[in-house]
Amino acid sequence: MSTMIPHRDDDPTKRPVLVESSDFHEVTEIIAGPTETKLNSTWILLLGLSASFMALMAGLFGYLFWEGTGVWGVNMPVAWGFAIVNFIWWIGIGHAGTLISAILFLFRQKWRTGINRFSEAMTIFAVMCAGVFPAFHVGRVWIVYYIFPLPNQMGAWPNTRSPLFWDVFAISTYFTVSLLFWYMGLIPDLATMRDRAKGVRKFVLSIFSLGWRGAARHWQNYERAYLILAAISTPLVLSVHSIVSFDFATSKIPGWHTTIFPPYFVAGAVFSGFALVSTMLIVAREIFGFKKVVRMHHIENMNKFMLLTGTLVGYAYAMEIFIAWYSGNMYERYAFWNRALGEFWWAYWAMITCNVISPQFFWFKKIRRNLVWTFILTIFINIGMWFERFVIVITLHADFIPSSWGYYRPTWVDWWTYIGTFGMFFTFFLLFLKFLPQLAIAEVKGVMPEASPHHHHDTSKHGGH
Amino acid sequence: MSPLNLDPKNAASKASWKSLEELSGSPEFKDFAEHEFPAGADTMGADISRRRFMQVMGAGLAFAGVTGLSGCKGIRRPEQHILPYNNMPESLVPGVPQFYATTHSLAGEAVGLIVESHEGRPTKVEGNPAHPASRGGTSKQHQATILDLYNPERLKTPSKGGSDTTWDAFWNDANPVFAKLRDNGGEGLRFLSGASASPSFRAVRDHAMAAFPKARWTTYEALPRDNAQNGLYALTGKAAEPLYHFEKAVRIAAFDCDFLESEPNSLAHSRDFAAGRNPDKGAESMNRLYVIEPAFSVTGGSADHRLRVKASAVPHALLALARELQSQGLSIPDLGVSLNSIPRNAEGISSAWMKALAEDLLSHRGKSVVTVGQYQPAGAHAVAQALNLALGNVGSTVEWKVSPVHALSATNPAGAPENGLAALRELAADLDAGRVTALVVLDANPAYASPADLAFGAKISKAAFSATLVSEANETSAVTTWQLPLSHFLETWGDAVALDGTTSLAQPLIAPLYDTLDASEVLAKLTGYAQTSAHDIVRAHWASRSGLGFDAQWRKWLHDGIVTLGGGADAAYVGTAPVGSLVRALPAAGQGLELMFRGDARLLDGRFANNAWLQELPDPVTKLTWDNALLVGPALGKTLGISDFLLNEEATGTTLADYRKRPMVRVTVNGASLEVAAWILPGMADDAALLHLGFGRVQVGTVGDEAGFNAFTLVSSKSPYLASGVKVEKLDRLYALACTQDHWSLMGRPIVRTGDLEEYLKDPQEYASEDKWNKHPPEKSLWDEKVRGTYDFSKGMQWGMVIDLNSCTGCNACMIACQAENNIPTVGKEQVLRGRDMHWLRLDRYFTGNVEDPQLEFQPMTCQQCENAPCEEVCPVGATVHSHDGLNDMVYNRCIGTRYCSNNCPFKVRRFNFFNYNNKHTETEQMRMNPDVTVRFRGVMEKCTYCVQRVQKARIEAKNAGSERIADGAITPACGQSCPSQSIVFGDINDPESRVAKLKAHPRNYGLLKELNLKPRTSYLARVRNPNPALALQA
């Protein structure tokens, strides 16, 4: 990855310092410790706040269910609005988790251990936030199950040519595999916590740790299963957002009908995913004090990912415009001209500023390693990626026949539903932070120099669990 | 049923059981099993619903209590009850509609109609092909009358001062008043009505005037109908009106005359104009239309040459033409002015333009027409008809017909034309002076639709006795003592004479829904006419004019809708002296900004203000709904400081983000001022502004409430349609105007294909070709289309449509026809502002060329029924699929509302039910629904089906007749049927002999977005303009 860090697994002295601790017990304390303390009032306050927003979201979906899709700002040229924008955005957020857990795992990127649990959890919650939108954006929510291939007496079957149908499978597979992967990784850590726990907590943790004793046999099975799941997840990283992009790419609409969408969407998803993981991590490591485990090295690596994917996305933007011009197709040309200079120009330039310009700061090592800069830039990227999806979806407002062109303006319900999904995300996330190990204890230990067979153990400090 | 009580012993003893209830041995089940038929089945009364029936029948298998969330009324499909006939009416097959001929009179203009009735409910109005004023076409107002019939806000009983009472109470109140009036000869009795073309009503009226000789009758229409009569009266000595035959005219000069839409007889004009618009006939036989007008009308949109001239200068343009014609050697009847003294270049009228027009008219003597619109003074009409006479057009392209309304007068057979406004002014003065003791207003609304300076409404209360007969409460009924409910024309009998003298009968399709009476009935009862029911009045009137065998004749008249008794009389030129005085009385062309007041294209003078279909129908030119606005041209807009709001970036047709909001302006004129939203309309004459009448009603139902601005408050009785000395100031407020089309530019896209006749004749094949307009790589499918589709579109009947852009005038009648036929809801201004209007068929309007003086293009746009339909590919649940006959069908039951189909539709013709637009209908409103078309629920997509219900009906009829093939022309979609110019042709594209197949083979035929390989079934015939080569440089 970096020229700064020589890669020699067998030479512990040359390995990057991923964990600023030489003590397994300290690592356990750092990570498992917060789950064992009493609920602190800040956490309760934050959970209450998040849960209220989640309740608001639920209420607004109820309102939508009761009144009709018209409570949103969608209209006739722009039949998809915030719901789909938010859906893609949340799905994109989830991508960092899978990439970190699967691809980086397969590539033996050991620094991933500091952030994988965290980002996997974010993946799951982000996919949940994403999933509510397609379910509720349909006009008749109560028969949304028509989209599943359920045998019925009418012989009516979903249309397998529709990208929305592909979406259903792409996202449900993604969610299932991500959840399994996450849970799989949690088992040794849950066992660690079980061993430290008492009473009801011990009972519950015992159930979920599936009788893990840390036996070599267990570890062997675990490593094998983890590898298999990583192999299953790896194509999903590429496929999910590719398939989501097919919603647009397979359509006829100028600005949507483009073959660059699948790679561009994947790059964008990883981009936004890393950005949000980074944002959250910076906050969490400050609050929960695991700076020793999540080090500047991790932040910097993630920033490099953002630089790479952000530049890829920028390339895609440029290529879209070039191809639109080069195709000579008047509709395509206008679609892109209109994106940049039409009624929604502000969204386009917000997107360019946030997604193309802001990651370029990461060329500078000082900025890459500066938490304030990183935090601000990741926020920019999150906003920019939301605008990217907005710009794409809103392309609908001016397609082929000028007479049908319209405008899109979200309603208060759109805004608050979107804000409400943050409530849902943070509610789950806060519960995760409190009740589950935020970092992969076993894996972190695995990348510590002490874990190397060649490491000479300081027996006095060997604490294990 | 009680909760299940499963008894294991019981269960063990049963080898088989058919339900859990049986298994449980519940007492209900035992009871149930004892009766062979379910409870209630043997006692099923007339009031049992189908739903109840199904519940009872299903009881053996149903788990009670799991059938649904009974509280969720907002979400569930509405529960409704249907009732069968107890005694089957003869000749009525349930589900098979019946059609009856009738007649509708609108401001004295009669149009014959055929009305569709389902089980006694009229649901759809069509034109009567046998009636000369319809020829099968209808206007938007005719189509929308169905909605008025079922309007729950109609007056249901007579009421006095707002409290409901009975007709008996009214007669008890009125009879002593009329008895007293009879004694004094009717001194102080005044009647006021709108124009009528009904002979039988005229007979009742004449009788009334004879019985009350001192009474006065005021016929007042807010929109002018008497200028043409007064103009021709000066030439002929008779109240005649011109009857045009545009099919015979190859050169037409229309001076501020919207003969294709708002002028009388416009349906026939559209048909005739279209007939003469065939470019294949060549330059000499295809008509050429010159339009001189101050603001865009649809006629101006059809023009080959259009000259922007402010309204006050139009008569002078006409005189300039007369002078030009005279100088080119035409002998013009004496107009009382010296034509040589008329400046050639006055009022910005291009002399070259006039010269070319004069030459063209002169070289087509007897085959040309000069027309003037009703908003122009009588003198202008006199000049125009004199020119027609001089050009030899009278008798060929123009007939001077004695006006049916006035020819009816028994007391004044020659019929000096009435001057409605003068009569109203007189009535206002009488009221003011206390000379009126009793005022009866029959179906008119002078308190709203009259010049503000008359303050007519305020004066009505000075009459001791006053009554208004009207269908819905209005401004006039609010100030009269009595409010009497008027029958809808579909509830009563009547008759009417058309412009050419054809008489047609009106028969009811339904008994009055409420306790209502017709105007003739009320008048007859008040004045002691021999018959008092509308049926008897009409029948007795015609019986007295027919001879033996009247019964058979009457039945035939009712069946055909046409009375076969003599036509109208012609008037001849006698050259009376008033010509000169009329022409000399023409006001000088105004200086500075002038403001026109004209009837709205949809609401007319406001009488349709409570009709939601018409309120939501976009104005043909501005595309505004639910409002009127002060219309100004781009240059004037700039002067007024409102040009920021012009949809005017030439390159894009795009506008500012907040474009739905428009600036408010204060218009001050005639000593009154009005705050009104301003709208920039290209193609207006310089220094001219236009404000449509009919909006801003004060006493109106919920629909028309707060819709638009009341322009009548600015109207002065001295010059009601044109005001000068207008002051317009921009206010610091914005107002949301709901426009259905925000972008007016074609963006250089080959969507509407137009060109000149010369170009067309040079190479017809190339004229509308893809090569010329839309070069693209060959279309190629990724899949084998034959394998992909279940159906082979080369076999069997395959439906297609051709829309002729050359004859489409953009009148919008098809939109309402579609709305009525397909149960399309209206959504209200807020939803239109959100871009959620539901019209399946829309009329796209584009401006091309110079923004100040553009050309207008119309294009009806609806589902193109693509063979390779992009919507079908993306629907995840297969709710939109193809039929074997090539229709892109919507399966409402299957639709979950992802709206993906709409996104992928290149034409954006799909419409989504964002709310449950149909759940608030009263029972009366539900009656207007077409039972052949599903009423869509919230959350489903809908769109044009090519009127699949009509296709299926024809198919069933053909099959019943033992044929597999449906005859060409047996199916007409609602849009095509209403189209006055017959621009929409539908049929089987696989039948080479069908009209549609022949049109599809025509070189002007083209499909949209061919490069997408959509294979649309709807195609268009390119528009061909026929400009005068002499004016080519100017155009």
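In this predicted model, A:Leu281 touches A:Ile115, A:Phe118 and A:Val294, residues up to four places away in sequence being left out, where contact means that the C-beta atoms, placed from the backbone, lie within 7 Å. Local features need pLDDT of at least 70 and side-chain atom pairs count only at pLDDT 80 or more, whereas totals for chains, interfaces and linings use all residues. Residues are numbered from 1 along each chain as its sequence is written, with chains lettered from A and ligands numbered from 1 in the order in which they are written.

**Setting of A:Leu281**
- A:Leu281 lies in helix α9 (residues 261–288) of chain A, helices being DSSP runs of H or I with at least four residues and strands runs of E with at least two, numbered from the N terminus.
- A:Leu281 counts as buried because 26 other C-beta atoms lie within 10 Å, the cut-off for buried being 20 or more.
- Between A:Leu281 and A:Ser206 there are 75 residues in sequence and 28 Å in space, C-alpha to C-alpha.

**Nonpolar core**
- The largest nonpolar core has 431 residues, of which B:Phe255, B:Leu318, B:Val383, B:Leu630 and B:Ala689 touch the most other members; such a core is a set of buried Ala, Val, Leu, Ile, Met, Phe, Trp, Tyr and Cys residues joined through C-beta atoms within 7 Å.
- Helix α9(A) gives the most to this core, with 14 residues.
- Leaving aside neighbours within four places in sequence, B:Leu318 is in contact with residues including B:Phe255 and B:Val383.

**Interface of chains A and B**
- Contacts join 48 residues of chain B to 44 residues of chain A.
- On the side of chain B that touches chain A, α30(B) supplies the largest share, 4 residues.

Notes: A residue is buried if 20 or more other C-beta atoms lie within 10 Å of its own, exposed if 12 or fewer, and partly exposed in between; C-beta atoms are placed from the backbone. Two residues are in contact if their C-beta atoms, placed from the backbone, lie within 7 Å.
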